[in-house]
Amino acid sequence: MSQLQVETGAQGVVSIIRTTGLLNAHTVPQFDQTLRGLLDAGALKLVVNAERLTYVASAGLGALIGSIDEIRERGGDLRICGLNETVKSIFEMVGLPHLFQIFVTEEEAIQSFSA
Amino acid sequence: MKTLLRRQFPSDSKYLAEVNASAREIAESCCFPQLDSEKIGLAVEECVANCIEHAYRGRPDGSVEIDAAVDDAILRIDIVDRGETFAEPTDAFSGVEALAARKHRGGLGLFLVKAIADSVLHIREGDRNICRLMKRLPALGSEDVRSETQ
């Protein structure tokens with residue numbers, strides 16, 4: 001079984017990336033490929049659902065950080081939801097809540113684009 | 001000194017999750033709380049990822065050894081490779097906003113390791129790079145040590 005499964009979905013104009021497993025130096029190319037595919041297809045409003053993500057290493061954090069300026073330069077945003085305690089703690093250690101809007105549920109993250 | 005683990009992993013990123021799990025189990029066996037154990041697992045994984053990227057330049061045919069021991073209420077984990085010498089990155093982490101503005105991905109791993117461990121040492125010994133993480137056992141935490149020495 002692969003260490004990371006990435007599924008995509010959409011609700012209206014919001015694209016959703018649902019991750020299951022772990023996001024580290026080994027699995028990050030798979031996440032990057034999915035994110036890049038959505039950006040190339042013109043997606044501007046993105047939600048990363050990390051509900052089933054067991055942990056994220058620096059490579060995974062780097063993938064999020066490295067893409068956010070490009071997304072915002074295009075007038076879009078990437079928002080994150082469903083962090084478990086471990087992932088939330090790592091996000092806080094590096095200050096990611098200053099850079100990303102983080103929500104508890106996917107629905108809240110999607111709705112935030114309508115606000 | 002009590003040895004807890006000595007194990008070699010190939011210098012291949014597909015083993016990083018296994019490295020993480022092994023280090024986490026060591027931490028759990030030392031009675032670190034779950035969240036701390038998970039962070040220790042992550043710190044060791046980051047060190048091994050560094051070895052793969054910098055010492056072996058991505059080559060999967062090397063090996064990285066994890067050597068964990070407890071001595072004097074301190075968990076010591078050595079991450080050892082026999083690749084090229086590599087210097088600690090000098091571009092210190094200056095915040096996520098700065099990284100984002102540079103569309104830059106690097107620099108976070110070592111920052112995380114330093115934030116998780118009580119101390120981090122980089123040693124070159126013969127043909128080996130040793131990254132040594134030290135973490136005081138939870139029964140006598142850093143705060144306790146500070147208050148004892150005051």
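Q: What makes H2(A) a mostly covered helix?
A: Of the 16 residues in H2(A), 12 are buried, a term that means under 20% relative accessible area, with exposed over 50% and partly exposed in between, for a 1.4 Å probe and protein chains only. Among the buried residues are A:Ser58, A:Leu61, A:Leu64, A:Ile68 and A:Glu70. Helices are DSSP runs of H or I with at least four residues and strands are runs of E with at least two, both numbered from the N terminus. This is a predicted model, in which local features need pLDDT of at least 70 and side-chain atom pairs count only at pLDDT 80 or more, while totals for chains, interfaces and linings use all residues. Residues are numbered from 1 along each chain as its sequence is written, chains are lettered from A and ligands numbered from 1 in the order in which they are written, and side-chain values use heavy atoms, leaving out hydrogens and water.

Q: Where does H2(A) bend, and by about how many degrees?
A: The bend is at A:Ser67 and comes to about 30 degrees, taken as the angle between axes fitted to the seven residues ending there and the seven starting there. Just after this helix, A:Gly75 takes a positive phi of about 90 degrees.

Q: Why is A:Ser15 called buried?
A: A relative accessible area of 11% makes A:Ser15 buried, because the limit is under 20%. This serine belongs to strand E2 of chain A and, beyond four places in sequence, touches residues including A:Gly9, A:Leu38, A:Lys45 and A:Val47.

Q: How do you know that B:Cys51 is in no disulfide?
A: A search of the whole structure finds zero disulfides over all chains, a disulfide being a pair of cysteine sulfur atoms within 2.5 Å. For B:Cys51 the nearest cysteine sulfur, in B:Cys131, is 7.1 Å away. The sulfur of B:Cys131 has its closest cysteine sulfur in B:Cys47, at 3.6 Å, which is too far for a bond. B:Cys51 is buried at 2% relative accessible area, and B:Cys131 is buried at 8%.

Q: What makes A:Asn84 a cap of H3(A)?
A: A side-chain oxygen of A:Asn84 lies 2.9 Å from the backbone nitrogen of A:Thr86, at the N-terminal end of the helix. Just after H3(A), A:Gly95 takes a positive phi of about 80 degrees.

Q: Which residues have the most contacts inside the largest nonpolar core?
A: They are A:Leu78, B:Ile79 and B:Leu133, in a core of 74 residues; such a core is a set of buried Ala, Val, Leu, Ile, Met, Phe, Trp, Tyr and Cys residues joined through side-chain atoms within 4.5 Å. Helix H2 of chain B gives the most to this core, with 10 residues. A second, separate core has eight residues, including A:Cys81 and A:Phe113.

Note on methods
Contact means heavy atoms within 4.5 Å. A polar contact is a pair of N or O atoms within 3.5 Å; within protein, one must be able to donate a hydrogen and the other to accept it, and residues adjacent in sequence count only if both atoms are side-chain atoms.
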